[in-house]
Amino acid sequence: MIKIKSLREIELLRKSGELIYKTHQLLKEYIKPGVSTKQLDEIAENFILSSGAVPGFKGYNDFPATLCTSINEVVVHGIPSAKEILKSGDIISIDIGCIFNGYYGDSAWTYAVGEVSEDAMQLMEITKKSLYEAIKIVKPGIAIGDIGAKIIEVVKPYKYAIVEDFTGHGIGTNLHEDPAIPNFGIAGKGIKLKEGMVICIEPMITNGKKNVRILRDNWTTVTSDKSLACHYEHMVAVTKDGFTILSDGSTSGAGA
Ligand code: MG
Ligand code: MG
């Protein structure tokens with residue numbers, strides 16, 4: 001069931017999104033060679049708790065941490081560890097969730113550690129572009145398939161693949177609500193967006209093949225061919241005329 005949010009609820013979701021944005025800004029300063037993903041997790045957890053919220057992923061289906069820290073071939077759901085030390089040339093996607101006043105925040109970003117290859121830079125740039133190009137078309141009346149079709153259109157000129165095993169989703173008082181938002185699709189297909197829907201769009205793109213496998217910890221998801229993976233995610237509310245991004249630190253409607 002798709003829950004349409006009131007303006008009041010959208011503002012509450014924006015508060016949650018803002019807290020996630022601020023957590024990303026804080027973590028950015030610490031993403032350097034020599035830092036462990038466990039340290040990043042502690043910094044994020046302390047910040048979220050001290051802001052009056054609670055981590056949104058910790059305990060969700062028994063996930064053990066505040067952050068998902070996914071390095072290089074890890075696509076999503078990497079578990080922070082004191083043994084995992086960032087090194088120059090890595091790319092790390094950090095996915096953060098929180099619950100603030102009963103509403104979830106959820107946003108992911110991929111960061112370069114030190115100097116990274118041109119290949120990695122381009123993968124990051126194109127994945128980010130696919131997210132923003134998909135967000136730009138959001139308005140009442142477009143189909144879910146239009147979002148996936150736009151992501152395909154941006155990624156297509158490159159030798160990249162779209163991971164199909166995970167999707168974006170609605171968000172509200174639950175982390176994952178209807179509808180699912182696949183990162184691939186056919187223009188015009190699927191249900192139509194309506195004013196008041198709040199969705200997470202989150203393309204996961206690799207510079208190899210789309211196949212993934214889950215490691216024995218039951219979480220860490222890696223590309224089967226060890227290719228690099230990138231992941232960006234924003235929370236987006238469908239407004240009367242377009243969209244507003246809730247997790248990019250903007251305090252008013254930025255939508256067209
Ligand atoms: Mg999400
Ligand atoms: Mg996420």
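Colleague: Which residues coordinate the magnesium ion (ligand 2)?

Modeller: This is a predicted model, in which local features need pLDDT of at least 70 and side-chain atom pairs count only at pLDDT 80 or more, while totals for chains, interfaces and linings use all residues. Residues are numbered from 1 along each chain as its sequence is written, chains are lettered from A and ligands numbered from 1 in the order in which they are written, and side-chain values use heavy atoms, with hydrogens and water left out. Donors are N, O and S atoms within 2.8 Å of the metal (3.2 Å for Na, K and Ca), and sites may look incomplete because water is not among the atoms. Here, Asp95 (OD), Asp95 (OD), Asp106 (OD) and Glu233 (OE) coordinate the magnesium ion (ligand 2) at 2.0 to 2.3 Å.

Colleague: Which residue coordinates both the magnesium ion (ligand 2) and the magnesium ion (ligand 1)?

Modeller: Asp106 does so, and the two ions are 3.2 Å apart. Asp95 lies in strand S4 (residues 91-100) and Asp106 in strand S5 (residues 103-112), so the pair ties together parts that are 11 residues apart in sequence. Strands (E, at least two residues) are DSSP runs, numbered from the N terminus.

Colleague: Are Asp95 and Asp106 buried or exposed?

Modeller: Buried means under 20% relative accessible area, exposed over 50%, and partly exposed in between (1.4 Å probe, protein chains only). Both Asp95 and Asp106 are buried.

Colleague: How many residues line the largest pocket?

Modeller: A pocket is found on a 1 Å grid over the protein atoms alone, as an open set of points where a 1.4 Å probe fits, with protein on both sides within 12 Å along at least five of seven lines; lining residues have an atom within 4 Å of a point. Here 20 residues form the lining, and Tyr60, His77, Asp95, Leu175 and His176 lie nearest the centre of the pocket.

Colleague: How many aromatic pairs does the structure hold?

Modeller: Rings of Phe, Tyr and Trp (its six-membered ring) pair if their centres lie within 6.5 Å; planes under 30 degrees apart count as stacked, over 60 as edge-to-face and the rest as tilted. The structure holds three such pairs. One of them, Trp109 with Tyr232, is edge-to-face, at 4.8 Å centre to centre and 85 degrees between the planes. Trp109 sits in strand S5 and Tyr232 in the loop between strand S13 (229-231) and strand S14 (234-238), 123 residues apart. Tyr232 is buried, with a relative accessible area of 0%, whereas Trp109 is partly exposed at 21%.

Conventions
Helices (H or I, at least four residues) and strands (E, at least two) are DSSP runs, numbered from the N terminus.
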